[in-house]
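Have a look at the model below. The report that follows takes its sheets, its chains and their contacts in turn.

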Amino acid sequence: MSVVRLVALILALGLAACTGEKNSVATSATGGTLVISVGGDPESLFPPLASTTTGQMVGDLVYDRLAEIGDSLNTVGDAGFQPRLAKSWDWSADSLSIAFHVDPRARWHDNKAVTAGDVALTYRIYSDSTNGSPFGTALANIDSVTATDSLTATIWFHAKSPMQFYDAVNTMLILPEHLLANVSASALRENAIARNPIGTGRYRFVQWNAGQSIELAADTANYRGRPRLDRVIMTIAPDFSAAVTRLLGGEADLIEQVPAVSIDAIAKDTAVRLLLANGLDYNFVQLNLNDPKNANRPHRLFGDRELRRALTMVLDRRGIVRNAYDSLASVAVGPTVRAYPTTDTTLRQIPFARDAAMRILDSLGWKDTNGDGVRDRNGMPLEFDLLVPSVSKARNTMAAVIQEQLRKAGVKVNVDKLDIPAFVDRENKRNFDAVMGGWHVEPSPGGIRQTWASAGAQTGGTNYGSYRNGTFDAEVDSALASTTLAGRRKFFTAAYQTIIDDAPAIWLAEPKRVMAVHKRINTVGVRPDAWWANVADWSIPADRRIARDRSIRAR
Amino acid sequence: MAAFFVRRLLHGFIVVALVATIVFVLIRAAPGDPFSGAMDDPSVTEAIREAWRHAYGLDRPIFEQFVSYVRSMFHGDLGFSILLKRPVVYVLRDALPNTLLLMSIGLVSGFLLGIEVAIAQVRNLGKKTDKILGGISITFFSIPDFWLALLIFVGLGYWLPGRIFPLGGVVDVVNYDNFGFWARAWDRITHLILPSLTLTLLYFPLFARHQRAALIDTLPSEYMTTARAKGVSESALIRKHALRNSLLPVVTLVGVAFPALFAGAVFVEKVFSWPGMGLRIVESIGGRDYPLLTASVIFASAFVVAGSILADVVHLWLDPRLRDDR
């Protein structure tokens with residue numbers, strides 16, 4: 001084929017393309033397409049196994065819970081919870097059971113009616129340990145779930161707990177019994193529903209093109225009302241800077257976490273705005289309080305509380321956080337986040353006081369006796385390894401600054417960068433001196449029992465530094481047992497103060513969630529735990545719609 | 001000749017089997033496992049990881065796992081991707097066509113452009129054109145692939161007035177389903193242009209430099225002098241006489257580059273959000289997705305063997321003298 005013919009064919013294809021789009025004009029209050037840029041494919045769209053953000057986002061939009069946590073993130077009792085699949089609920093007199101009344105209007109996307117049996121089956125799937133759902137442990141307090149009648153599901157608890165309602169409703173997205181009742185546990189992960197979910201949410205699943213996109217469409221006959229946007233499309237862009245360029249180039253409407261280096265470019269763009277919210281993440285330098293080679297012995301350095309406190313005093317935490325995040329993170333106040341109503345942000349911190357810290361190190365016997373710039377005691381240098389996950393740019397930056405600040409105080413830090421599996425493997429085996437750790441927490445602060453209390457210090461727990469303090473444990477238990485917000489806050493404040501004073505970790509940053517959204521989109525109710533929770537109520541005014549808002553999927 | 005190919009195929013099979021075995025063992029010897037990746041998520045406890053290991057059979061002895069894997073492989077079952085929760089065959093089915101399409105366009109156009117540049121250089125040997133083209137080749141040869149990909153992505157995709165080219169992806173995810181046949185074809189072409197241009201610019205210097213050197217070696221040959229004495233034009237002299245005989249080393253290069261048809265180009269795929277094998281392989285390494293990684297390495301080594309056999313075949317076709325030596 002000659003070059004001229006080839007060019008003619010390409011031009012012909014181009015002309016055909018210009019007339020190929022079958023648009024349907026939306027003129028009502030509803031309409032529009034939201035294109036969300038995400039970093040990768042979800043591993044599964046089956047809610048009990050969906051642990052990536054994208055998987056959870058799709059799950060939350062396609063499926064419903066019995067009730068939804070309120071914007072205040074209260075997890076005590078049922079205050080603030082909004083009805084979803086359950087239109088109402090009744091507590092038993094002894095609070096050991098709650099009867100949920102399923103909304104009779106609710107239907108699955110394949111038009112089958114929702115029943116109480118769906119709730120019972122959902123509990124069985126989530127709690128069956130052979131399915132390996134990471135959410136199953138949150139249901140430990142549930143004894144059973146029974147279908148009292150076709151529209152009443154009763155959840156029975158082992159014991160009363162202030163968070164029993166939250167644990168029961170927040171964990172489970174209700175699954176369709178008519179599609180899953182006869183599927184064995186081993187076949188669940190490969191079931192068609194794991195890639196083609198059928199739920200009751202205000203968006204229905206349309207398609208998932210691996211590596212490219214996931215498309216959801218408005219469920220126009222949904223029992224909770226039609227969502228305002230016609231379509232939600234998640235487009236996959238693995239490279240951060242490319243994702244930002246696609247946003248600025250108008251090919252995407254939203255990035256859920258903007259990299260710090262792109263903030264300026266986005267702030268200057270006239271079509272896009274930044275959306276800042278508190279997040280549910282905090283990070284820290286976790287110190288191993290036990291000897292990595294023999295867990296029965298204290299760590300040669302970090303077994304000493306005064307040394308831990310002195311090391312914390314050496315570090316300018318505000319400067320470290322600013323270096324890594326600019327203004328997009330706050331200095332962490334302890335093993336908690338500001339989004340919790342139980343967090344007291346005025347907790348007493350170990351101050352940044354380098355000179356005082358140097359004097360404490362001297363008084364502890366850590367002096368540079370051989371002039372090599374590193375303090376030592378009885379021939380042992382004040383030196384430790386700091387493990388850092390290589391993929392985290394912020395943690396790598398903070399590690400470098402910490403290394404330098406400690407060097408000036410005569411402390412040698414060897415930064416060891418590892419990929420995630422190797423990093424987590426070392427954490428699990430407690431084979432480290434210190435790690436640049438971090439936690440993404442649930443709306444409930446209850447996870448602290450696993451991450452910082454003695455219960456999590458056992459093998460298999462996630463208190464990797466093996467911090468143990470009976471007072472702290474008791475204060476956490478009291479906080480979690482408290483049935484009022486004021487009571488919880490009081491005990492949590494005491495617990496956080498205890499652990500801050502003990503310094504088993506150096507609390508670093510609490511990154512904010514920085515999203516970028518196209519200005520034509522009206523966003524409402526951005527929750528810290530799930531920004532997408534209210535996407536069905538987001539809208540695009542008719543006069544601000546662009547070409548893709550008017551393009552709806554041909555059916 | 002037939003015996004030669006049977007021998008090469010047998011050698012190839014042994015190489016693939018050895019590579020598969022080594023990878024199977026090595027990836028399991030690396031620290032961590034597929035379930036160590038849930039960093040920062042306190043809900044994933046060691047007990048849950050144990051349940052997952054059991055579900056995927058990773059708690060069994062490695063020899064038992066290997067035997068089971070080999071048995072399944074001979075039944076056409078490449079295992080179940082732990083990261084993507086689906087059969088490996090499906091993962092390859094989705095990613096491989098994208099990679100084959102992009103890489104074959106990149107390789108072929110890089111090869112053709114490289115040859116043309118080399119011919120232009122040789123025809124103007126020592127002159128300004130030769131030096132300019134040589135400089136351009138060296139420049140593109142030295143540019144890191146991720147940087148060139150970003151430059152083209154931003155320069156031609158974002159900064160170019162009118163935004164002619166899409167910013168990544170295989171198709172327009174918003175409108176593609178609404179397009180007719182021709183519009184779909186056009187959509188795919190426009191999405192291919194920038195990533196394949198990147199690959200063309202990355203590959204052509206390699207071919208150009210080798211081809212130029214090979215042509216310079218060929219030009220003083222006696223048969224060239226004879227042809228020139230017969231009055232053959234300079235253009236025909238190079239294209240019809242010198243090129244065929246100087247293609248052999250470059251064809252070897254094509255054989256070496258052939259595995260890229262499977263493995264893709266990671267950075268180009270990443271920048272252009274191109275869902276190909278390169279990204280999948282990198283993900284499978286980072287996530288310790290044993291089944292996907294092992295299958296990918298088996299296919300990649302099979303492509304290496306196929307590339308080497310293909311290079312031999314083309315050598316034989318180009319140079320009849322070699323046929324007797326086999």
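## Strands and sheets of chain A

In chain A, A:Ile214 sits opposite A:Met234, a residue of strand 10. This is a predicted model. Strand 9 (residues 213-218) and strand 10 of chain A run antiparallel to one another, paired over 5 bridges.

Both belong to an open sheet of 7 strands in chain A, with the order 8-9-10-1-11-24-12. The pairing in this sheet is mixed. Strand 8 (203-209) and strand 12 (272-277) of chain A take the edges. Each has a single partner strand, so one side of each lacks a neighbour in the sheet.

Helix 2 (residues 53-62) of chain A lies across part of this sheet: strand 1, strand 8, strand 9 and strand 10 of chain A. Helix 2 runs at about 145° to strand 8 of chain A.

Chain A has another open sheet, built from 4 strands in the order 4-5-7-6. Here the pairing is antiparallel. Its edge strands are strand 4 (86-91) and strand 6 (142-149) of chain A, and each pairs on one side only. On average, neighbouring strands of this sheet are turned by 20° against each other, with direction ignored.

Inside that order, strand 5 (residues 97-102) and strand 7 (residues 152-157) of chain A pair in the antiparallel sense over 5 bridges. A:Phe100 has A:Ala153 of strand 7 as its bridge partner. Helix 3 (residues 116-127) of chain A lies across strand 5, strand 6 and strand 7 of chain A. The angle between helix 3 and strand 6 of chain A is about 165°.

Most residues other than glycine have a negative phi.

## Domains of chain A

Chain A divides into three parts. Domain 1 is made of 3-61 + 201-277 + 513-553. Domain 2 covers 67-180, and domain 3 covers 281-511.

The C-alpha centres of domain 2 and domain 3 of chain A are 37 Å apart. Between these two domains, 10 residues of domain 2 are in contact with 11 residues of domain 3. On the domain 2 side of this contact there are 6 nonpolar residues, 4 polar and no charged.

## Where chain A meets chain B

How many residues of chain A are in contact with chain B? The count is 59 residues of chain A, against 54 residues of chain B. Several elements of chain A give two or more residues to this side, among them helix 1 (3-18), strand 1 (33-38), strand 10 (231-236) and helix 7 (240-248). Helix 13 (420-428), strand 21 (434-440) and helix 14 (448-451) of chain A are also on that list. Helix 13 of chain A gives the largest share, 7 residues. By type, the chain A side divides into 23 nonpolar, 24 polar and 12 charged residues.

## Chain B

Chain B has 15 helices and 2 strands. Its C-alpha atoms fill a box of roughly 80 × 60 × 40 Å along the principal axes. Of its 326 residues, 40% are buried. Among contacts in chain B between residues at least 6 apart in sequence, 75% join residues at least 24 apart.

Helix 8 (residues 222-229) of chain B is hardly covered. Of its 8 residues, the number buried is 0. Just after helix 8, B:Gly231 takes a positive phi of about 90°.

## Confidence

The model scores ipTM 0.84 and pTM 0.85. Chain B averages a pLDDT of 87, and 97% of its residues score at least 70. Which element of chain B has the lowest mean pLDDT? Helix 15 (residues 321-325) of chain B does, at 65. Helix 5 (residues 128-142) of chain B has the highest, 95.

Terms used: Residues numbered from 1 in each chain as written. Chains lettered and ligands numbered in written order. Predicted model: local features only at pLDDT ≥ 70, side-chain atom pairs only at ≥ 80, totals over all residues. Domains from an automatic or database assignment. Contact = placed C-beta atoms within 7 Å. Nonpolar A, V, L, I, M, F, W, Y, C, P; charged D, E, K, R; others polar. Buried ≥ 20, exposed ≤ 12 C-beta atoms within 10 Å, placed from the backbone. pLDDT = per-residue confidence, 0-100. Pairing = 2+ DSSP bridges. Axes fitted to C-alpha atoms, helices over the stretch in contact; angles between N-to-C directions.
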